[in-house]
Amino acid sequence: MTTNKDTHKVRRTVINLLKYLLLFAGAFVALVPIVSCVITAFKSNEEYMNTNVMVLPKSWAYLENFKAAWTQARMGSAFLHSFMILICVLVGSVLISAMLAYVLNRFQFPGNGLIRSLFMVATLIPGIASQVTVYQIMTALGLVNSFHGYIILMLGTDVITIYIFLQFFENLPVTLDESAIIDGCSYFGAFFRILFPLLQPAIVTSAILKGVSTYNEYYMAGLYLQDKTRLNVVSTSLYVFTGPMGSQYNYICAGVLITIIPALIIFLACQDQIYSGMAAGAVKG
């Protein structure tokens, strides 16, 4: 005759087993594409055509795919263009989001609540649904097929970033602003000298979110940077290996691994700041 203690033990064992199975399934789904990409990147054309994607390459020292990906896709200029775009977008997005949050939090004016509600409504509209209108506006302004137009488009402030800064401002006492203004600071002085330095965790969090989305952006880059030979970025540089006769996935996988390296280096070098910023953002939000 089983007791309640035995039943509870069996139930706990089953739950733990299900947890591990779910973790294993999640890890498998996440790792299989990466593993297959790494394996394919080291295969020659003949080996890629005649073997399965999960069959190990004959030699891990075969680096011709990486050389071809770097030269034929002109990845050097692609990295330079992506870096310039990323810096402009991060600086502009952080400043715009922080200043918008400052105005909405510190100043009470007619329409303040309406603006916040409209920001919330904007998050419910899929970005793809407005692309026809956005493309028409960009075309009318002559901003299609240019880096400055693409930067302006990507500077569109994320609503999530605004709310991150709003939550941080709500935890900063208004007395800081008042003391600075009494001492002779303007509103801009109080913002940039007093409040903005205190927003470092929010800045790190928003920079991570915006930086990752900008670096990985594929749809916008492909749509608005149509001249792939002149306006190439990291996400679209591997277009050169696609065509009507098929795609050269061994070169594409090698290029993908090259694009991962800078992000991996930045993550390893700044992981403490990234973790602290994300944790602080989660607590404040």
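Biologist: Why is Leu18 called partly exposed?

Modeller: Leu18 has 48% relative accessibility. Buried means under 20% relative accessible area and exposed over 50%, with partly exposed in between (1.4 Å probe, protein chains only), so Leu18 counts as partly exposed. Bear in mind that this is a predicted model, where local features need pLDDT of at least 70, side-chain atom pairs count only at pLDDT 80 or more, and totals for chains, interfaces and linings use all residues. Residues are numbered from 1 along each chain as its sequence is written, and side-chain values use heavy atoms, with hydrogens and water left out.

Biologist: What makes the pair Phe241 and Tyr251 tilted?

Modeller: Their ring centres are 5.3 Å apart and their planes sit at 45°. Rings of Phe, Tyr and Trp (its six-membered ring) pair if their centres lie within 6.5 Å; planes under 30 degrees apart are stacked, over 60 edge-to-face, and the rest tilted. So this pair is tilted. Both Phe241 and Tyr251 are buried.

Biologist: And what is the geometry of Phe191 and Phe196?

Modeller: That aromatic pair is tilted too, at 5.6 Å centre to centre and 50° between the planes.

Biologist: Which residues is Phe196 in contact with, leaving aside neighbours within four places in sequence?

Modeller: Contact means heavy atoms within 4.5 Å, and Phe196 has Val94, Leu95, Ala98, Phe191 and Ile203 as such partners.
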